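These are my notebook entries on one model, set down in the order in which I looked things up. The structure comes first, and the entries follow.

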Amino acid sequence: MKKQNPIFDMVLSALFLAMAFVLPFFTGQIPQIGAMLCPMHLPVLLCGFICGWPWGLCVGLIVPLLRSVTLGMPPLYPTAACMAFELATYGAIAGLLYKMLPKKKGFIYVSLLAAMLTGRLVWGFAMFVCLGISGGSFGFSAFLAGAFTNAIPGIIVQIVLVPVVVMVLEHIKRSKV
């Protein structure tokens, strides 16, 4: 398969960044639902799969901080700061594993689930450190609630949509080569 043009990857990454910036507007009208759907996660994961780990890492790192600085949501500290580590991990791990593992459907799920689990662990560690520095605490029950329980709808959406979109885009890419 032909290597993708770096300019094309940059343009696609900018598109994924824009999508991650805008999607929360559609889900954020009802804050409880918006947070549950994790709308910034989808474009970052897709960017890692489609454009590669460096671009996925960059988009994941930038988007929560950019939204926080320009819109005030999510709050910069600790939320956006910790999300930046989480989303950067999503993009990097998804892209790295997808590149390294065989190009079979099942390995898309392996890459996705590994990225999701690793990103959530990184988020939990970042929250633990940030809240510890500011004199607060972040226990295991808060981690489970924030990383998994409250995010179940978003996790389901990611598991259903991301592999389908990746498979469709791979099919389109193969048919044009």
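**Entry 1: ground rules.** I noted that this is a predicted model, in which local features need pLDDT of at least 70 and side-chain atom pairs count only at pLDDT 80 or more, while totals for chains, interfaces and linings use all residues. Residues are numbered from 1 along each chain as its sequence is written, and side-chain values use heavy atoms, with hydrogens and water left out.

**Entry 2: the overall fold.** I looked up the secondary structure, where helices (H or I, at least four residues) and strands (E, at least two) are DSSP runs numbered from the N terminus, and found eight helices and zero strands. The radius of gyration, taken over C-alpha atoms, is compared with a globule rule of 2.2 Å times the number of residues to the power 0.38. For this protein the radius is 16 Å, close to the 16 Å that the rule gives for 177 residues, so the protein is as compact as a globular protein of that length. Along the principal axes, the C-alpha atoms fill a box of roughly 55 × 30 × 30 Å. Buried residues make up 41% of the 177. Taking contact to mean heavy atoms within 4.5 Å, I noted that residues 24 or more positions apart account for 70% of the contacts with a separation of 6 or more.

**Entry 3: the cores.** Which residues touch the most other members of the largest nonpolar core? I used the definition of a core as a set of buried Ala, Val, Leu, Ile, Met, Phe, Trp, Tyr and Cys residues joined through side-chain atoms within 4.5 Å. Of the 29 residues in the largest one, the answer is Leu-45, Phe-49, Val-162 and Val-166. Helices α1 (6–27), α3 (41–51), α4 (53–71), α5 (76–100), α6 (105–133) and α8 (152–176) each supply at least two residues of this core, and the largest share, eight residues, comes from α3. Setting aside neighbours within four places in sequence, I found Val-162 in contact with Leu-42, Leu-45, Leu-46, Phe-49, Leu-112 and Val-157.

**Entry 4: Gln-158.** I then turned to Gln-158, which is found in helix α8 and counts as buried because its relative accessibility is 0%.

**Entry 5: helix α4 and what follows.** For its 19 residues the span should be 27 Å, and the end C-alpha atoms are 27 Å apart, which agrees. Its buried residues, including Gly-56, Gly-60 and Pro-64, pack against α1, α3 and α5. Leu-71 lies in this helix and counts as partly exposed because its relative accessibility is 40%. After α4 comes Gly-72, whose phi is positive, near 80°. The peptide bond from Met-73 to Pro-74 is cis, with omega near -5°, and Pro-74 belongs to the loop between α4 and α5. I found a cis bond from Tyr-77 to Pro-78 as well, with omega near 5°, where Pro-78 is in helix α5.

**Entry 6: aromatic rings.** Rings of Phe, Tyr and Trp (its six-membered ring) pair if their centres lie within 6.5 Å; planes under 30 degrees apart count as stacked, over 60 as edge-to-face and the rest as tilted. I found six aromatic pairs in the structure. Phe-21 and Phe-25 form an edge-to-face pair, 6.4 Å centre to centre with 70° between the planes, and both lie in helix α1, four residues apart, about one turn of the helix. Phe-143 and Phe-148 are also edge-to-face, at 5.9 Å and 85°; Phe-143 is buried, with a relative accessible area of 10%. Ring pairs link Trp-123, Phe-138, Phe-140, Phe-143 and Phe-148 into a cluster.

How values were computed: Buried means under 20% relative accessible area, exposed over 50%, partly exposed in between (1.4 Å probe, protein chains only). The expected span of a helix is 1.5 Å times one less than its number of residues.
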